[in-house]
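Here are some friendly notes to read alongside the model. Please keep the structure open and find each residue as you go.

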Amino acid sequence: MEHTETYHYQVMRRAIETIDAAGDAPLSLPDLAADMNMSPAHFQRLFSTWVGVSPKRYQQYLTLAHAKSLLRDRFTTLETAHAVGLSGSGRLHDLFVRWEAMSPGDYARDGADLTIYWGWFESHFGPALVMGTDRGICGLAFAAEAGPEPAMADLKSRWPKATFIEDPTFLRPWATAALGMTGETKLHMIGAPFQLKVWEALLTIPSGHVTTYSEIAQSIGNPKAVRAVGTAVGRNPVSWLIPCHRALRKSGGLGGYHWGIPVKRAMLAWESARADVSADVS
């Protein structure tokens, strides 16, 4: 990633964190720009380029009221979404995702004989830890809330017998596509059969839309397994690409998020902003 692009990632990350920390208290454009050491006009242009809407508009997407409006206006019935082709074989965000699941036998061996490469990359939502095999990305964690050491320990604990090698160069094409949402990326999903069902269901939720844990349970043919679904959603190793952030409580509450509620809120706001911009253009 070029130095200027990395710098812009950092500015946008700090801006989103600043907006989120303010809660429901709106921040003015001059105050935000001053915090970022930029002129209001330059900050407005940069923010709008990266996020898709103005800082003022973006702040509206971060509220709990917006989460509730998503559930009211953009609730996705997963069976319908799958029927019309909104699944892992189609478009996710603005990139093409192909995924391959590890066999149950391989999963049971805790990653033995598996080589997993890892590296750190910048993202819209803070530092991102990307892990992958020769088949594709198998782990994606965000460290803005948890910190780098806990994020690393968390992902490594999922495949304790694997061999881990730091190699961001190997991962860069997939990571760039995944985090920059351009081109094609591959996923190598490593999980138990029930988890894989839940993660596949998550792939059917279009960007800018949401669903509930109970709806996911219904869609995989196990309507009483709401709690187990919630656990599987929380164990999703590839955040953002397998969009567990799009699962909400029936009340419209955000529920939990493995990498921190502020990250989940920022993801939903970012997607909503871009979805609304696309709708206005079309």
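**Notes on the model**

1. Let's start with a charged pair: glutamate 271 and arginine 246 join their side chains in a salt bridge, 2.6 Å from N to O. A salt bridge here is a side-chain nitrogen of Lys or Arg within 4 Å of a carboxyl oxygen of Asp or Glu. Glutamate 271 sits in helix H14 (residues 261–281), while arginine 246 is in the loop between helix H13 (226–234) and strand S9 (247–248), so the pair ties together parts that are 25 residues apart in sequence. Glutamate 271 and arginine 246 are both buried; buried means under 20% relative accessible area, exposed over 50%, and partly exposed in between (1.4 Å probe, protein chains only). Helices (H or I, at least four residues) and strands (E, at least two) are DSSP runs, numbered from the N terminus.

2. Before going on, a word on the source: this is a predicted model, in which local features need pLDDT of at least 70 and side-chain atom pairs count only at pLDDT 80 or more, while totals for chains, interfaces and linings use all residues. Residues are numbered from 1 along each chain as its sequence is written, and side-chain values use heavy atoms, with hydrogens and water left out.

3. How many salt bridges does the rule give? The count is 2. Aspartate 154 and arginine 158 form one, with their closest N and O atoms 2.8 Å apart. Both residues belong to helix H9 (residues 148–158), where they are 4 residues apart, about one turn of the helix. Aspartate 154 is buried at 17% relative accessibility, and arginine 158 is buried at 8%.

4. Now look at the backbone. Most residues other than glycine have a negative phi. Aspartate 113 is not a glycine, yet its phi is positive, about 65°. Tryptophan 240 also has a positive phi, near 75°. Are these two residues buried or exposed? Aspartate 113, in the loop between helix H7 (104–108) and strand S3 (115–121), is exposed at 80% relative accessibility. Tryptophan 240, in the loop between H13 and S9, is buried at 1%.

5. Serine 239 lies in that loop between H13 and S9 too, and serine 239 is buried, with a relative accessible area of 1%. Which residues does serine 239 contact, leaving aside neighbours within four places in sequence? They are Leu140, Phe142, Cys244, Tyr257 and Trp259, where contact means heavy atoms within 4.5 Å.

6. Next comes a pair of strands. Strand S4 (residues 128–133) runs antiparallel to S5, and they pair over 6 bridges; two strands pair if DSSP finds at least two bridges between them. S4 and S5 make a hairpin with 2 residues between them, and methionine 131 stands opposite glycine 139 in S5. In strand S5 (residues 136–142), 7 of the 7 residues are buried, so this strand is largely enclosed by the rest of the structure.

7. Finally, the core. A nonpolar core is a set of buried Ala, Val, Leu, Ile, Met, Phe, Trp, Tyr and Cys residues joined through side-chain atoms within 4.5 Å. The largest one has 76 residues, and those touching the most other members are Phe43, Tyr58, Met131, Leu140, Phe142 and Trp159. H14 gives this core its largest share, 6 residues. Not counting residues up to four places away in sequence, tryptophan 159 touches several residues, including Ile116, Met131, Gly139 and Pro237.
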